[in-house]
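User: I would like to learn how to read the features of a structure, starting with its pockets. Please take me through them one at a time.

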Amino acid sequence: MWLLCLLFVAVFVLFILQQIFHIPPLRTILKFARLPGPVRIPFVGLALELLFVEPWDSLNLINKYCKQYNDFFNAYVLGVPIAVLQDPDDIKVVLSSNYHIDKGVYYKFLEPWLAGGLIPSGGDKWRTRRRLLNPTFHNRILEDNIGNFWKNTRFMTQCMLNNCATGPIKLKDYLNPCALDIICETAMGVSLNAQSSKNQDFTNAIQRYLEALLFRVLNPYLKREWMWKLTPHGRRSTEDIKTLHNYGRNVIRQRMANYSSAKTPDQSDMEDGIRGKKLQPFMDKLLELNHHNPGSWTEDDVHEEVNSVLFAGHDTSSGTSVYALWILGHHPEIQEKAYEELYEIFGEDDREVMMEDLQKMIYLEKIIKETLRILPIVPVIMRQLSQDLHLAGKPSIPAGANVLISPFLLHRNDKYYPNPDTFDPERFGREECATRHPFAYIPFSAGPRSCIGQKFAMLQLKVILSTVLRFCKITSVTKYEEVKFIPAVVLHSTVPIEVRVEPRLTERPKTPQSLGL
Ligand code: HEM
């Protein structure tokens, strides 16, 4: 009887350990042991330290070991082998490779929401989809949508000005719905009017879901879905996923209603002048794929790609716009210089912004780049190696291991950015960029798995920031010291960022040109 009880306990303990620990192949374990890194309990590794780290200090922990091990160290987290790379030469090898394209293990936590969409997927599935979807973010399509960017941003600016007399405003409350309206109208072809409905269920659900996801990464014993769902965070996440799925389905339903009545390519299809191919916006391309190949492109496939772009296409640009405006509200001299540039372009005219205007916003572009340096909205990138990774002068990292690269830490490394905590748009002058290692600046990642929406994002950020700065003067209320940053897939702030807004247009800038000097 005792023996049976003992056997039962042993089987139970083994089951729990197997549920908690990731078990890499023996070859990975043996080869991984040769890499430099802090000595910890085998396989448990950094898991115990992570348990006692506040979410906003998790990157500091990685930074501590990066400094100690010269930007290259290995660590286990409950059996997950992770190699941290922060040297731009090493980063270049990983990101420019056509082989190391699979996402790290923690992206699995996104699957209940994004399933096998572009963001978490890997291998041939990702390759096929990326090739098919790349043209949906073609320059011609983006240029055609600048009017949509402008219309939504102008509406947002007006709302800011309408409410500015009552006190400081929370930037996120304006920029999140605006970015959501922009991505829905441009990529999905539907108007959900998130700005006028003031319904923030979707954006709030994303924020909670991503923060819960970080909690799960920092408490890696919760990796199994069944364990996760037993916790209060897990239960909340299940509710949030329902909200997120419903939102995605609603977007598809609305577009399908118009699409099926159109049947043939609608007026938004256009010819790519160079190769004579048809260019379609994102959602129409998905619906066409589903229409012609319902076996290989099911409605679930459409749904997962819509969810991926809804998320990646709004949380990133709204967060970056919030940070840029907040920083400018702390640097009136930089804000003034940006305003002067805009005044040179538009004068007193409150007309719509055009593509030619955006091309003239050289200083504003430097501000955007510097914002993405100091607060990169995607603070961590991870890959799982399907082949050994060979780096110059370092032991190889075995297949099966994960690689972690942090744009947040890289962009604050004083080897590449002197006085890294100082906001200085001039770092992005032509000469400064030419002398810097190209892989020392990776806000959109780089190589084949870089951001599909990079051009979309840069145009959108220019329209949003130029419109706000043309019509409003921003003064920051939330102090730098009050805010900590949480790397929850997207970089979140611990407190809402508040600014004071004053109307602008009648005020003339004091440039030598405007004074007739
Ligand atoms: C400031 C704005 C943005 C930044 C900084 C940014 C950054 C990034 C980064 C770093 C990645 C790679 C993530 C990784 O490897 O784990 C990525 C991927 C992606 N981004 Fe963006 N992004 C932005 C805006 C957008 C927009 C506007 C869209 C859509 C319109 C978009 C769609 C995507 C998609 C679908 C992926 C996955 C691509 C793939 O794996 O093939 N992003 N983004």
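User: Which helix gives the most to the lining of the second largest pocket?

Analyst: The general idea is that rolling a probe the size of a water molecule over the atoms shows where empty space is left. This is a predicted model, and here α4 gives the most to the lining of the second largest pocket, with three residues. The elements α4 (58–68), α17 (315–330) and α21 (407–410) each supply at least two residues of that lining. The volume of the second largest pocket is about 480 Å³. It is lined by 21 residues, of which L375, F408, R412, V483 and F485 are the closest to its centre. By class, 13 of the lining residues are nonpolar, four polar and four charged.

User: What is the volume of the largest pocket, and which element gives the most to its lining?

Analyst: The largest pocket has a volume of about 570 Å³. Its lining has 26 residues, and the closest to the centre are E365, K369, F444, Q454 and M458. Two or more lining residues come from each of α8, α19 (355–359), α20 and α23. Of the elements, α23 gives the most to this lining, with five residues. The lining divides into 15 nonpolar, five polar and six charged residues.

User: How many cavities of 30 Å³ or more does a search of the whole structure find, and which residues line the second largest cavity?

Analyst: A cavity differs from a pocket in that the probe fits inside but cannot get out. The search finds four cavities of 30 Å³ or more. For the second largest cavity, the volume is about 50 Å³, and the lining is made of T136, F137, I141, L142, N145, T186, A187, F282 and F456. The elements giving two or more residues to this lining are α8 (139–144) and α10 (171–188). Six of the lining residues are nonpolar, three are polar and none is charged.

User: How should I read helix packing, and at what angle do α18 and α20 pack?

Analyst: Two packed helices are described by the angle between their axes and the distance between the axes. Helix α18 (residues 332–346) packs against helix α20 (residues 362–374) at an angle of about 140°, and the axes are 8 Å apart. On the α18 side the contact is made by I334, K337, A338 and E341, which meet I362, Y363, L364 and I367 of α20. The residues of this contact divide into six nonpolar, no polar and two charged.

User: Over which residues is the pLDDT below 50?

Analyst: Where pLDDT is low, the predicted coordinates should not be read in detail. The protein chain has an average pLDDT of 90, with 94% of the residues scoring at least 70. Over residues 263–276, however, the pLDDT is below 50, and this stretch has 26 contacts in the model beyond near neighbours in sequence. The scores of the model are ipTM 0.99 and pTM 0.91.

Note on methods:
Residues are numbered from 1 along each chain as its sequence is written. This is a predicted model: local features need pLDDT of at least 70, side-chain atom pairs count only at pLDDT 80 or more; totals for chains, interfaces and linings use all residues. Side-chain values use heavy atoms; hydrogens and water are left out. On a 1 Å grid over the protein atoms alone, a cavity is a set of points where a 1.4 Å probe fits but cannot get out, and a pocket is an open set with protein on both sides within 12 Å along at least five of seven lines; lining residues have an atom within 4 Å of a point. Grid points are joined across faces, edges and corners, and a volume is the space filled by probe spheres set on the points. Helices (H or I, at least four residues) and strands (E, at least two) are DSSP runs, numbered from the N terminus. Ala, Val, Leu, Ile, Met, Phe, Trp, Tyr, Cys and Pro count as nonpolar, Asp, Glu, Lys and Arg as charged, and the others, Gly among them, as polar. pLDDT is the predictor's confidence in each residue, from 0 to 100. Contact means heavy atoms within 4.5 Å. Axes are lines fitted to C-alpha atoms, for helices over the stretch in contact, and angles run from 0 to 180 degrees between N-to-C directions.
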